[in-house]
Amino acid sequence: MPGGKKVVGGGSSSASPTANAPPASGVRRLETSEGASAQRDEEPEEEGEEDLRDGGVPFFVNRGGLPVDEATWERMWKHVAKIHPDGEKVAQRIRGATDLPKIPIPSVPTFQPSTPVPERLEAVQRYIRELQYPLLGLPASYLTNSMPTLERFPISFKTYFSGNYFRHIVLGVNFGGRYGALGMSRREDLMYKPPAFRTLSDLVLDYEAAYGRCWHVLKKVKLGQCVSHDPHSVEQIEWKHSVLDVERLGRDDLRKELERHARDMRLKIGKGTGPPSPTKDRKKDVSSPQRGQSSPHHRNSRSERRPSGEKKPSEPKAMPDLNGYQIRV
């Protein structure tokens, strides 16, 4: 056919394919400097690799978890050699280099018993900032476990800007009756807040003002319950005990709901259903009925979760029958 091209690699000649038409399976079309088309066979894909393709990515890097295992590293370098113009040479040049700069690893902060809690919080915040760790709640919670006078709880924000919604989470703290937070953000005023706010509402409204300075509109605030100080605790973190719709509530009602949540946290801590870990009881007797009775409290705390402005029922709910209820470890 006039103007047609022959497809190399078997098959009869046909009209030139469109620019968007995919090449035949297992081959890649390459344009030479003279404008003629050529093809070369690719190496066969690994078993199951086609199923792992997602948005052009041939495999998931963190499929095996962290740290990256040796097989994943080899697969990554093989991918580099396949897509880079210099092929395997670039991989060999980098992997064989001995003068590459050493990546600095920040030191985990250590504290003397006499170090004040505010200074410890600042050190933890600096460490998290050096790590550039996205899920800051994990290292922040771990590094503050040794501060029994410090209560920690998650606070998450949902904001709106330029047609999109954004979510941000910080670790709220309470020390000596004052509120603050540990956080990560590109904005300085959306990160660390020293424990200097008299009320929880003052802390949240300070974040709202910071969002306003970068043209974000605060839509929702979600607050969790206090996190256990025991690193071996089996209790799940309650992320959304109170979900507050900022626009629907208005400023006065928002303050009331935030202070209600603060009272809930104080009451749970006072009653012993808050941060203390259940693992201490488990160490004494793994089949203790007292240990089994702690779980319904946890379920009830989840059922008490309420949207913004919704009041709790006046009559308490009947407790489930706990006869014979045990947890097996």
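Reader: Which residue in the turn of the hairpin formed by S3 and S4 has a positive phi?

Author: The model is a predicted one. In it, 12 bridges join S3 to strand S4, residues 164–175, and the two run antiparallel. The hairpin they form leaves 2 residues between the strands, and the one in the turn with a positive phi, of about 55°, is Ser162.

Reader: What residue takes a positive phi in the hairpin of S4 and S5?

Author: S4 and S5 also run antiparallel, joined by 5 bridges, and Asn174 of this pairing stands opposite Tyr179 in S5. Between the strands of this hairpin there are 2 residues, and a positive phi near 65° is taken by Gly176.

Reader: Which element gives the largest share of the largest nonpolar core?

Author: This core has 27 residues, with Ile155, Phe157, Leu200 and Val221 making the most contacts inside it. Two or more residues come from each of strand S3 (150–161), strand S5 (178–182), helix H5 (200–213), strand S7 (217–223) and helix H6 (246–271). The largest share, 7 residues, is given by H5.

Reader: Leaving aside residues up to four places away in sequence, what does Leu200 touch?

Author: Leu200 is among the residues with the most contacts inside the largest core. With residues up to four places away in sequence left out, Leu200 touches Phe153, Ile155, Tyr179, Leu223, Leu258, Glu259, His261, Ala262 and Met265.

Reader: How many residues has the other core that lies apart from it?

Author: Val117, Leu121, Tyr127 and Val173 are among the members of this other core. Nonpolar side chains tend to be buried together in soluble globular proteins. The size of this other core is 15 residues.

How values were computed. Residues are numbered from 1 along each chain as its sequence is written. This is a predicted model: local features need pLDDT of at least 70, side-chain atom pairs count only at pLDDT 80 or more; totals for chains, interfaces and linings use all residues. Side-chain values use heavy atoms; hydrogens and water are left out. A nonpolar core is a set of buried Ala, Val, Leu, Ile, Met, Phe, Trp, Tyr and Cys residues joined through side-chain atoms within 4.5 Å. Buried means under 20% relative accessible area, exposed over 50%, partly exposed in between (1.4 Å probe, protein chains only). Helices (H or I, at least four residues) and strands (E, at least two) are DSSP runs, numbered from the N terminus. Contact means heavy atoms within 4.5 Å. Two strands pair if DSSP finds at least two bridges between them.
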